[in-house]
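I opened this notebook to record what I looked up in the structure. The entries follow the order of my reading.

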Amino acid sequence: MAVQPDPEIPIDEGASVLKTAGGVVFIPALVSAVICVGLIRSGFPAFFFLVPLGFMAYGYNLVSVWVSALGSVLMNGILAWGLALSSTDTFKYPWADMLYFTCMIAVFTWIVAPPFKKFGFLRISLAYRFMAGSVIGALLLWFIIEATQDGFEAFLRSQGEMLSSLYAASAGTDVVQRSLMEQYVTPESVINLIGSVMFRGGGVASCAVVFLLSRQISLVFTRLIRRISIQEHIGSFHAASGFIWALSFSLLGVLAGTWASIIPLEILAWNMITICAILYLVQGGGILWYFLSRKDLSPVMRTIITIPIIILIFSPGINAAVLGLLILLGIAENWVPFRAPKSDRPSSTPGM
């Protein structure tokens, strides 16, 4: 049976329900911390190392999730220095490992379990916490890349060599196509492409994806394990009106930076475009959710409409067009009130 939210539990604009009362549950907090550290050292599953903290936030309470976050940071620090002392050749930058882990843990815990919500000037909505956290994560990645340049270049080179070999292999027996692939899709070109995308919004977008997926997966585990259903929706989210101007000036900034070869201006503009695009994507999704949740829409019709939309979103190639349409829908709401409530009252004008 789903647990009903406590009336005193603060609701973050309909996006999350978080218990602020209660003592620390030490055993779940410790297990969550151990899983976080274990996941970050496990290869591909490291992508989900933040999920245990989301589970602690929604399944338990505010204090417990921050205790778990602190415990995971301490464990990871001890493990990082231990690995550095035992293997100096393969683990050269323990401080970078500790800095990345600590900052990502702190930022995500702030996103899902913000303290100080009673102070008005510190109350930031969930969507804006996501974006602020993504920017912080991207800045952190850039700093680590610059500080550990040789290690990062080695990583990019290995990825570039792998991707270029895959592209060359995809040409099959076509000699001409294979020759063109080997000539133009080189490790150096792949490295330049990866670096360019990362600095021009890719870092912000990747952090946003990590935070969003971690939160959504943690909500699923909370429902399955703790039997707590978090009533959430994005139907009420509206991006601040000033973001349309930020988007417009950022587009001009990209054009000016490219034309005048001002790389810092171009990078800044692309990152601002990415931030605006994500916010308008959320707003577009909110509009879609608003129409699908209308009371005059039958459950059968809602299912018939929802299933094709989900299929389109997860279809490679097509999903880019769908997400682009949602972004345009969110932008269009600056002029068209898609979610304005309909009035059933008679018109105040006689005869109308």
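This is a predicted model: local features need pLDDT of at least 70, side-chain atom pairs count only at pLDDT 80 or more; totals for chains, interfaces and linings use all residues.

Residues are numbered from 1 along each chain as its sequence is written, and side-chain values use heavy atoms, with hydrogens and water left out.

**Entry: backbone**

R227 has one, of about 60°. I placed R227 in the loop between α8 and α9 (242-260); helices here are DSSP runs (H or I, at least four residues), numbered from the N terminus. With a relative accessible area of 48%, R227 is partly exposed.

S261 also is not a glycine and has a positive phi, near 60°. I found S261 in the loop between α9 and α10 (263-292). S261 counts as exposed, at 56% relative accessibility.

**Entry: nonpolar cores**

I took a nonpolar core to be a set of buried Ala, Val, Leu, Ile, Met, Phe, Trp, Tyr and Cys residues joined through side-chain atoms within 4.5 Å. Which members of the largest core touch the most other members? They are F101, I105 and F211, in a core of 36 residues. Two or more residues each come from α1 (26-40), α2 (51-59), α3 (62-86), α4 (94-112), α5 (126-147) and α8 (187-226). The largest share, eight residues, is given by α4.

I then listed the contacts (heavy atoms within 4.5 Å) of I105. Leaving aside neighbours within four places in sequence, I105 is in contact with F49, L50, L53, A69, S72 and V73. Another core lies apart from the largest one and has 20 residues, including A138, A208, V254 and C276.

**Entry: rings**

I counted nine aromatic pairs in the structure. Rings of Phe, Tyr and Trp (its six-membered ring) pair if their centres lie within 6.5 Å; planes under 30 degrees apart are stacked, over 60 edge-to-face, and the rest tilted. Y290 and F291 form an edge-to-face pair, at 5.6 Å centre to centre with 85° between the planes. Y290 is partly exposed at 25% relative accessible area, and F291 is partly exposed at 31%.

Finally, I looked for a charge over a ring (NZ of Lys or CZ of Arg within 6 Å of the ring centre and within 35 degrees of the ring normal). The charged end of R226 sits over the ring of Y60, 4.2 Å from its centre.

Notes
Buried means under 20% relative accessible area, exposed over 50%, partly exposed in between (1.4 Å probe, protein chains only).
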